[in-house]
Amino acid sequence: MKEKLYIVIPAYNEEENIERVAKEWHRIVKKISEDSRLVIVDDGSKDHTYEKLLKLQKELQQLTVLTKQNEGHGATLLYAYHYALDHGADYIFQTDSDGQTLPEEFPGFWKRRRNVDAVIGYRKHREDGISRVVVTKTLKFVLKMIFHLDVTDANTPYRLMRRELLEKYIDKVPEKFNLSNVILTVLFLDHKEKVKFIPITFKNRRGGVNSINLPKIAKIGWQAVKDFKKMERVMRKTGNADR
């Protein structure tokens, strides 16, 4: 029996990129199995992202298009992960809709799937600007201080996970948590799951405007620190109870 891969992609106001990205990743799921799916979740876009996706769905047989009210990237990821689990995915792969990641690097992840529980990319070759590099390094420092974990790249939108791993931890992530991928990575490492980090290329976005600017990053970052501290207390309490 062939394994079922669900590639999940959150999308918000990506009308300039979404057709190209959908077609590129649809080719990947077609190569895996007929039951595999590309699931793109529109997070209440205000442009024509959703309309373009509906047209593409008629052309791309293994594309599933979902839409929901705008709740942010983290909440949309959790929504997509739950959908993939509910529909029987054996493996869940997540990437973003801005065209910054390369589908041709996916086979290197897929071939490692049976040796580890998750394969997560780290952004070694980056073209998205020095400010984003600073954000990543700052996040790494914050996670070290709060969780005492040395995380290579906690928020990379390029990760392949076994369903058993995601099922084990997804309900530990607070509902609508803004940095849900970060917390999932922290949980994986804190519980010493088998996680492999491998380098990926991270290009500048192909089109459109990034919805995250520096003031917004600062606001998200400050909230994240408070959320991380709260999460760390919960993790320690749960860990002590388990022991």
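Modeller: Before we start, a word on terms: helices here are DSSP runs of H or I with at least four residues, strands are E runs of at least two, and both are numbered from the N terminus. The model we are looking at is predicted.

Colleague: Let's go inside. Which residues have the most contacts inside the largest nonpolar core?

Modeller: In soluble globular proteins, nonpolar side chains tend to be buried together. Here the largest nonpolar core has 45 residues, and apart from it lies another core of 29 residues, with A22, I28, L38 and I40 among them. In the largest core, the residues with the most contacts are Y81, I92, L143, F147 and F228.

Colleague: Take F228 from that list. Which residues does F228 touch, not counting those up to four places away in sequence?

Modeller: F228 is one of the residues with the most contacts inside the largest core. Setting aside residues up to four places away in sequence, F228 touches L139, V142, L143, I146, F147, F177, L179, V182 and I183.

Colleague: On to charges. How many salt bridges does a search of the whole structure find?

Modeller: A pair counts when a side-chain nitrogen of Lys or Arg lies within 4 Å of a carboxyl oxygen of Asp or Glu. K23 and E59 qualify at 3.9 Å, N to O, and they link distant parts of the chain, with K23 in helix α1 and E59 in helix α2, 36 residues apart. K23 is partly exposed because its relative accessibility is 31%. Over the whole structure, the number of salt bridges is 14.

Colleague: R123 and D153 also form a salt bridge. Are R123 and D153 buried or exposed?

Modeller: Their closest N and O atoms are 2.9 Å apart. The pair links distant parts of the chain, R123 being in strand β5 and D153 in the loop between α5 and β6, 30 residues apart. Both R123 and D153 are buried.

Colleague: R163 and E167 both lie in helix α6. Does E167 count as buried, or as partly exposed?

Modeller: R163 and E167 are four residues apart, about one turn of the helix, and their salt bridge has its closest N and O atoms 2.6 Å apart. R163 has 15% relative accessibility and therefore counts as buried. E167 is at 41% relative accessibility, so E167 counts as partly exposed.

Colleague: Now a loop residue. Which backbone oxygen does the side chain of T156 reach?

Modeller: T156 lies in the loop between α5 and β6 and is buried because its relative accessibility is 0%. Beyond four places in sequence, T156 is in contact with residues including Q94, R123, N181 and I200. Its side chain reaches, at 2.7 Å, the backbone oxygen of G121.

Colleague: Last one. What separates the C-alpha atoms of G74 and L179?

Modeller: G74 is found in helix α3 and counts as buried because its relative accessible area is 0%. Leaving aside neighbours within four places in sequence, G74 is in contact with F177, N178 and S180. G74 and L179 are 105 residues apart along the chain, yet their C-alpha atoms are separated by 5.2 Å.

Key. Residues are numbered from 1 along each chain as its sequence is written. This is a predicted model: local features need pLDDT of at least 70, side-chain atom pairs count only at pLDDT 80 or more; totals for chains, interfaces and linings use all residues. Side-chain values use heavy atoms; hydrogens and water are left out. Buried means under 20% relative accessible area, exposed over 50%, partly exposed in between (1.4 Å probe, protein chains only). Contact means heavy atoms within 4.5 Å. A polar contact is a pair of N or O atoms within 3.5 Å; within protein, one must be able to donate a hydrogen and the other to accept it, and residues adjacent in sequence count only if both atoms are side-chain atoms. A nonpolar core is a set of buried Ala, Val, Leu, Ile, Met, Phe, Trp, Tyr and Cys residues joined through side-chain atoms within 4.5 Å.
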